[in-house]
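Student: I have a chain open in my viewer. Please walk me through how to read it, feature by feature.

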Amino acid sequence: MKKERSQFRDHGAEASLFNRRAVVSFIGIIILSFVLIGNLYHLEVQDYKEYQARSNNNRIKVIPIAPNRGRIYDRNGVILAENVPVYSLEIIPEKVANLPETLTNLKTLLGVTDDEIAAFMKEKKHTRRFKPVTLIDQMNEKQVAEFSVNEFHYPGVDIDAHLERYYPYGSALTHTLGYVAKINDRDIKSLKEQGIYNNYKATRTIGKLGIERYYEDLLHGQSGYEKVEVNSRGRVIRTLEYVPPVSGKDIKLTIDLNLQLYANKLLTEDVKDPKTGKMVTKTRRGAIVVLDPRDDAILAMVSSPSYDPNLFVHGISSKEYSQLLNSPAHPLVNRTTLGVYPPGSTVKPQIAVAALATGVITPNTVRNNPGWWRIPNSNSRKFRDDVRWGHGNVDVYKAIEQSVDTFFYQVAYDMGIDRISKWMNKFGYGELTGIDIREETAGNMPTREWKRAHTKQPWYQGDTIPIGIGQGYWTATPMQIAKATSVVANSGVVHRPHLLYAIIDGDKEDIVKFKDFPKVEPVPEKYWKIAQEGMHLVTTKGTARKEFQNLGYEAAGKTGTSQVYTMSDTENYDANEVAEHLRDHALFTGFAPVNHPQVLVSTILEHGGWGRNAAPIARKIMDYVLVKPTLHPEAQKQESDDKSATPVDVSKTAAVKTS
């Protein structure tokens, strides 16, 4: 049998194949190595910051720290809004061995309510076990003392202290200061739109009304933060960095606290309760504005009735809020800037200046009406005067002095609504006053366009006539009346009413100056003197002479009676027979001394009857400022207590302008 010959292996071919494969493999390794190196470069160099940030976010947390809110003082350094410590009871569930038993014991020890326990359990469901959950929001002194003694029995339960806003004078300054309240969703949306939400992440409250809202940026301050390292479960391991918050700036207002308290007292009266026969204190509905006419700094601003702003700081109950909201006295409304009333005869000095400046009347114009006035060449209704037989011969001085309606009916007819509205805008009617709170309305200085837009009817001559005495479609706020009176007192200079006096930064006090509005022109000086003298005659021989007897200074003023409803020609007004809510409003505005005014008062008593009924309030305030202040005991005590407790004696840091 023939054997087959086996071939020898081709070692050269195998070696060549191996070499080719080795080269390919080596090239592949080189390429993959470069890819790996590229990825490492990408991760470690190019995107280093991004991945470091991601890592740090998992490892490092930034905890914001709320700043202390700036305090608010009156012009003399008495504190009006401060920050007081508030204590809350917090539980860390992870550290409590038997939570139900602990809650039961705390209920017995501290009087914890079922509602508080229910709220605690609800919040606990949405909170990590190692984080504190609030059981009692505000602990009283007795609760703090009781728990402090027994704290060792309750591991995992602690007292947390933080600062909360407090208004020591309660309702007396609510409509000036406003208040702070808890930040809600609407606030968060607004803060995000402004790009400042990060500054509020640790803040519990924000200014809602008044000064607190208007100067929120000054009062809030700048948040700080604490950078901490945490583990995978979010527990803090150590603190890496601490940046303290910057407290908000303290501010000083133009308000004189004692004058504010005194003005509040003037809007209360002691009356006999018909049911019990006992004397009770009744709050009168109305408003008082007191300015320094030299720059329109607001010395006092009272809206009555008011409410306690401290109710809103921690969170007012729905029941309490409903009572305020539905009260027929409307305590939530700031009557000084939101209350709109027909200004009545308080506008006659401004109407007179406008009529003189436009040549509608002259200083020598004399008219005599028989107690009524009618549109010439018409059968329109009679516009009556308060004196049925007329005032005899009347010039512009007497027209202001005796508040002669018929004189101003003719003036309004001759001027026309276009010129009247244009001129009254110069005095600030129909415009915002510029006061540094946001709760303000412009009232209504009517025009032809306004009526057509609101009633779909044209303007008639009969609409113009009551405008001459501040009635008809004309409405204004007490602050507008005060500002317009200040323009007359200052011979056409228009100041901006304001509440901010100075900003306090440490030991430094920066006085704030507000820019004036354009002067009322063109009006010769003699016409301003006529209006001022007419108002002076009101207090010496006119409608307020009885209320301003035996003055130690010279005063100028103007009474006003604002009709609530329109009467027919045959009706006679009798305040005793008319329902209280239909009675006329009583207004008075005036300033003193006449030649160098230092104080200006505008006041309104809702349904107070004749304008002269409001004059005694203005007289008492002028006496308080110019003669010798006589404070009621409460004001004296409050001033003494506050000054002794004031943290910073700001009255020594700069010269404080007083009345």
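Student: Which element supplies the largest share of the lining of the second largest pocket?

Tutor: Start with the terms. On a 1 Å grid over the protein atoms alone, a pocket is an open set of points with protein on both sides within 12 Å along at least five of seven lines, and lining residues have an atom within 4 Å of a point. Strands (E, at least two residues) and helices (H or I, at least four) are DSSP runs, numbered from the N terminus. Here the largest share, 6 residues, comes from β5. At least two lining residues each come from β1 (60-65), β3 (79-91), β5 (157-166) and α11 (310-314).

Student: What should I know about the model and its numbering?

Tutor: The model is predicted: local features need pLDDT of at least 70, side-chain atom pairs count only at pLDDT 80 or more, and totals for chains, interfaces and linings use all residues. Residues are numbered from 1 along each chain as its sequence is written, and side-chain values use heavy atoms, with hydrogens and water left out.

Student: How much space lies in the second largest pocket, and which residues are the closest to its centre?

Tutor: A volume is the space filled by probe spheres set on the grid points, which are joined across faces, edges and corners. For this pocket that comes to about 1,000 Å³. Of its 28 lining residues, His-162, Leu-163, Ala-202, Thr-203 and Arg-204 are the closest to the centre.

Student: How many aromatic pairs are there in the whole structure?

Tutor: Rings of Phe, Tyr and Trp (its six-membered ring) pair if their centres lie within 6.5 Å; planes under 30 degrees apart count as stacked, over 60 as edge-to-face and the rest as tilted. A search of the whole structure gives 16 pairs. One of them, Tyr-262 with Tyr-624, is stacked, at 5.1 Å centre to centre and 20° between the planes. Tyr-262 lies in α10 (residues 257-266) and Tyr-624 in α20 (residues 615-626), so the pair ties together parts 362 residues apart in sequence.

Student: Are Tyr-262 and Tyr-624 buried or exposed?

Tutor: Buried means under 20% relative accessible area, exposed over 50%, partly exposed in between (1.4 Å probe, protein chains only). Both Tyr-262 and Tyr-624 are buried. In the chain, buried residues make up 46% of the 659.

Student: What does Ser-486 touch?

Tutor: Contact means heavy atoms within 4.5 Å. Leaving out residues up to four places away in sequence, Ser-486 touches Pro-293, Asp-296, Val-493, His-495 and Leu-600. Ser-486 sits in helix α18 (residues 478-489). Its relative accessibility is 0%, so Ser-486 counts as buried.

Terms used
On a 1 Å grid over the protein atoms alone, a cavity is a set of points where a 1.4 Å probe fits but cannot get out, and a pocket is an open set with protein on both sides within 12 Å along at least five of seven lines; lining residues have an atom within 4 Å of a point.
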